[in-house]
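Please look over the notes below on the ligand site and the pockets. They are meant to be read with the model open.

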Amino acid sequence: MTPLEAEIRTIIAIDGPIPVDRYMQLCLGHPRHGYYVTRDPLGAAGDFVTAPEVSQMFGELIGAWAATAWQQMGSPPAVRLIEMGPGRGTLMADALRAARAMPEFHAALSAHMVETSPVLCALQEKTLAHTGAPIAWHHGIEEVREGPTIAIANEFVDALPINQFVKDHDGWHMRMVGIMDDELAFVAAPDPMLKQSETDATPVGAILERRHDRPVSLLARRLAQHGGAALIIDYGHMESGFGDTLQAVRGHKFTDPLVDPGEADLTAQVDFAAVAGWAQREGAVTQGPITQSEFLRRLGIEQRAARLKGSATPQQAADIDAALTRLTAPGQMGELFKALAIADPKLGPLPGFDT
Ligand code: SAH
């Protein structure tokens with residue numbers, strides 16, 4: 001039994017079953033045993049690989065995207081380039097390198113890493129040691145001073161905790177983690193959160209997910225009040241729907257979310273319609289979502305790959321092709337991943353969203 005499972009069993013023994021969001025928070029962020037607190041999960045030797053770790057092209061294109069967004073904002077003399085959940089710092093390093101192509105932008109920006117994992121903060125410091133840009137670290141977006149902002153969040157929203165609700169004859173019940181037959185198990189809260197109404201024809205057994213919106217809502221409010229744009233990229237669906245999408249990944253394979261808590265990455269699909277709704281509620285506008293494939297193509301990933309291949313060895317050229325496929329092919333990240341822009345209503349269509 002993992003140390004975290006022992007702790008979760010104690011909590012359940014005292015408080016009773018815990019909601020899914022609390023379980024997720026403990027698994028990912030427990031101060032001693034949390035998944036992100038105790039390790040670097042990324043890369044071939046870790047549990048999963050993200051787009052910036054697949055290829056430098058991803059971060060470079062986003063750096064160019066940010067430079068254009070800055071110009072659309074009227075080239076403010078100071079802009080905060082915020083990354084939420086920056087992992088190893090690879091995306092930021094690639095973006096800052098690409099931003100040098102527009103020296104006025106590079107001179108105007110300060111980078112702000114919003115990160116809760118001490119292990120990953122240390123890695124980010126190493127990755128970004130020689131970028132020549134001012135960089136600061138924060139635990140939450142509310143710690144970053146207000147002002148014109150460009151923000152990036154790749155595979156960040158999927159790690160924000162969700163709650164789940166299960167439909168039964170008498171209404172919607174909160175899904176909890178409890179203990180059955182001495183194992184962690186999903187159970188439904190006995191009383192419905194929302195009683196059955198005559199107009200609700202949702203079939204019994206349906207599951208509804210609701211995610212913590214606070215980091216994204218605060219970001220959207222900042223953009224609406226102080227100007228700027230944000231790019232949210234993640235795996236998920238464009239329309240809200242029903243279904244259990246909570247998933248655990250360990251060593252590049254799916255595992256049971258209730259087995260070995262704290263040892264696997266726990267995420268759930270992003271409901272992009274819900275994310276757009278949070279942003280609009282704060283007075284920001286949204287553009288997209290479009291598929292990652294469409295977004296990267298419109299930013300010129302194919303031309304970028306061709307240029308890189310021009311000075312590459314045959315092996316490097318094959319790697320570039322493989323990365324391009326991985327990032328854009330339908331069966332890989334290209335279709336499942338979506339890009340959504342959140343922006344100050346005064347900004348026009350942003351690069352990639354301007355058809
Ligand atoms: N964006 C990176 C890493 C994705 S993994 C990439 O694409 O490679 C998720 C990241 O979000 C990790 O850096 C993790 O530590 C961070 N994270 C998770 N929950 C967070 C929270 N509530 N606040 C800030 N960072 C968080």
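Predicted model: local features only at pLDDT ≥ 70, side-chain atom pairs only at ≥ 80, totals over all residues.

1. Residue classes come first: Ala, Val, Leu, Ile, Met, Phe, Trp, Tyr, Cys and Pro count as nonpolar, Asp, Glu, Lys and Arg as charged, and the others, Gly among them, as polar.

2. Residues are numbered from 1 along each chain as its sequence is written, and side-chain values use heavy atoms, with hydrogens and water left out.

3. The ligand is surrounded by 16 residues (a heavy atom within 4 Å of the molecule). T50, G85, G87, E115 and N154 are the closest. The shell has seven nonpolar, six polar and three charged residues.

4. The side chain of E115 puts a polar atom 2.5 Å from a ligand oxygen. A polar backbone atom of G87 is 3.0 Å from an oxygen of the ligand. For N154, a polar backbone atom lies 2.7 Å from a ligand nitrogen. On its own the ligand has 570 Å² of accessible area, and the protein covers 91% of that (Shrake-Rupley method, 1.4 Å probe; for residues, only the protein chains shown count as cover).

5. The ligand takes up the space of the largest pocket (more than half of its atoms lie within 2 Å of the grid points). A pocket is an open set of points on a 1 Å grid over the protein atoms alone, where a 1.4 Å probe fits, with protein on both sides within 12 Å along at least five of seven lines; lining residues have an atom within 4 Å of a point. Its volume is about 920 Å³ (the space filled by probe spheres set on the points). Of 45 lining residues, E115, T116, F156, A159 and L160 are closest to the centre. Helix 2 gives the most, four residues.

6. The second largest pocket has about 530 Å³. It is lined by 19 residues, with F48, V49, Q247, V249 and F337 closest to its centre. Helix 14 contributes the most, again four residues. The lining divides into eight nonpolar, five polar and six charged.

Notes:
Polar contact = N/O pair within 3.5 Å; in protein donor to acceptor, adjacent residues only side chain to side chain. Helix = DSSP H or I, 4+ residues; strand = E, 2+ residues; numbered from the N terminus.
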